[in-house]
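Reader: I'm new to this one. Can you walk me through it?

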Amino acid sequence: MNNKLNKIYSKMIRIRMIEQRIASLYQEQEMRCPVHLSIGQEAVATGVCSQLKNNDIVLSAHRAHAHYLAKGGNLKQMLSELYGKENGCVMGKGGSMHLADLAAGFFPAVPIVGSTIPIGVGVAFANKMKKNSNITCIFLGDGSTEEGVFHESLDFASLKNLNILFVCENNFYSVYSPMNVRQFENRSALNLARSHGLEVNHGDGSSVLEVIKKTKSGINYIKKNNKPYFLEFQTYRFIEHCGPNNDDNLEYRKKSEIDKWLKKDPIKLIENYLIKKNKNFFSEKEKIINKINLEIEKSFKHAKKARFPTPNYLKEHLYG
């Protein structure tokens, strides 16, 4: 058990450290694409993807780094993409919001709010036509549940009995707008999903152990019934909506709210759990951190040294 949890912890802290390095180097102005970081939300991506197989498909939106890395996406190719290099995961043409790694089962991210939902439903429908039982996991934010395509997609998924795991990461804000100015009182994404015939569940997105437990339950339901399942996890981003900085000075989030969620830092929670379960955790943690630091250094050097696409290359893969 400790070995499995150490691997989970390693994946979570790796995502955190990679994004922290992106944030620290972003000011160099060499990464010219917008970045939406998942610092504070690592437990959901890691917990969910830990229960998926390589041939299961994951789709994400603009905040895709954690999902990409948790599903096994190539770090060097991801960083090269952020630097706009030819060896990036989408050849330097997409940047942070269009990550893809087909070998890892991570289909191209699409940043338009809600757009990945119908794409994922189409992927799942194709799988059904091919008579395979692969699961399609669609990550979406709470803002996506306000889009019309959310309802259309869930209805179709339920009607066609598709093997889809919908995972809503509810971080309570759409940029600067809290839910009470966007949605009527007592509105529930879970009830909306139920109204379209889906089984639903919810959990604490700060606890990777709870995420794993709820995800296992959802996947078991999908495999047993060949029907879609909807999960909602409450979570919190620690920095600004788009960019590498802290924007708490804008005061759109109350200090008491921020402090509450910082105490629920998913990294700290899993560390505290492992400390209680494993007396050797501190020495193991040091090895994990050192290994990740080495990987990050090599990957950033690789990305910075890589070449930019030529002008002619930029005209390839265009269709009209």
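Predicted model: local features only at pLDDT ≥ 70, side-chain atom pairs only at ≥ 80, totals over all residues.

Reader: Where is histidine 62 placed?

Author: Histidine 62 sits in the loop between β1 (57–59) and α3.

Reader: Is histidine 62 buried or exposed, and why?

Author: Buried. Its relative accessibility is 18%, and the cut-off for buried is under 20%.

Reader: OK, next one. Where is serine 115?

Author: Serine 115 is in the loop between α4 and α5. At 18% relative accessibility, serine 115 counts as buried.

Reader: What does the side chain of serine 115 reach?

Author: The backbone oxygen of isoleucine 112, at 2.7 Å.

Reader: And leucine 99, where is its place?

Author: Leucine 99 is also in a loop, between α4 (75–82) and α5 (116–129). With 0% relative accessibility, leucine 99 counts as buried.

Reader: Which residues does leucine 99 touch?

Author: Not counting residues up to four places away in sequence, the list includes Ala64, His65, Tyr68, Met78, Glu81 and Leu82. Cys89, Phe106, Phe107, Pro108 and Ala109 are on it too.

Reader: Let's talk about α4. How many residues of α4 are buried?

Author: Six of its eight, so α4 is largely enclosed by the rest of the structure. The buried ones are Leu75, Met78, Leu79, Ser80, Glu81 and Leu82.

Reader: What covers the buried residues of α4?

Author: The cover includes α1 (2–25), α3 (65–70) and α11 (281–305).

Reader: What is found at the start of α4?

Author: A side-chain oxygen of asparagine 74 comes to within 3.1 Å of the backbone nitrogen of lysine 76. Just after α4, glycine 84 has a positive phi of about 75°.

Reader: Switching to the core. How many residues does the largest nonpolar core have?

Author: It has 69, and those with the most contacts inside it are Ile22, Val48 and Leu165. α1 gives the most to this core, with eleven residues. There is also a second, separate core of 22 residues, including Leu59, Ala124, Leu140 and Leu190.

Reader: What does isoleucine 22 touch?

Author: Leaving out residues up to four places away in sequence, isoleucine 22 touches Met31, Val35, Leu37, His65, Met78, Leu79, Leu82 and Phe300.

Reader: Now the helices. At what angle do the axes of α10 and α11 cross?

Author: Roughly 135°, and the axes of α10 (residues 266–277) and α11 come within 9 Å.

Reader: Which residues make the contact?

Author: From α10, Glu271, Leu274 and Ile275; from α11, Phe281, Phe282 and Lys285. By class, the contact has four nonpolar, no polar and two charged residues.

Reader: Last topic, backbone angles. What is the phi of valine 175?

Author: Positive, about 60°, although valine 175 is not a glycine. Most residues other than glycine have a negative phi. Valine 175 lies in the loop between β4 (173–174) and β5 (177–178). At 31% relative accessibility, valine 175 counts as partly exposed.

Reader: And what about the phi of glutamate 251?

Author: Glutamate 251 has a positive phi of about 60° and is not a glycine either. Its loop runs between β7 (229–234) and α9 (255–263).

Reader: Is glutamate 251 buried or exposed?

Author: Exposed, because its relative accessibility is 67%.

Methods. Residues numbered from 1 in each chain as written. Heavy atoms only, no water. Helix = DSSP H or I, 4+ residues; strand = E, 2+ residues; numbered from the N terminus. Buried < 20%, exposed > 50% of the residue type's maximum accessible area, 1.4 Å probe, protein only. Contact = heavy atoms within 4.5 Å. Polar contact = N/O pair within 3.5 Å; in protein donor to acceptor, adjacent residues only side chain to side chain. Core = buried A, V, L, I, M, F, W, Y, C linked by side-chain atoms within 4.5 Å. Axes fitted to C-alpha atoms, helices over the stretch in contact; angles between N-to-C directions. Nonpolar A, V, L, I, M, F, W, Y, C, P; charged D, E, K, R; others polar.
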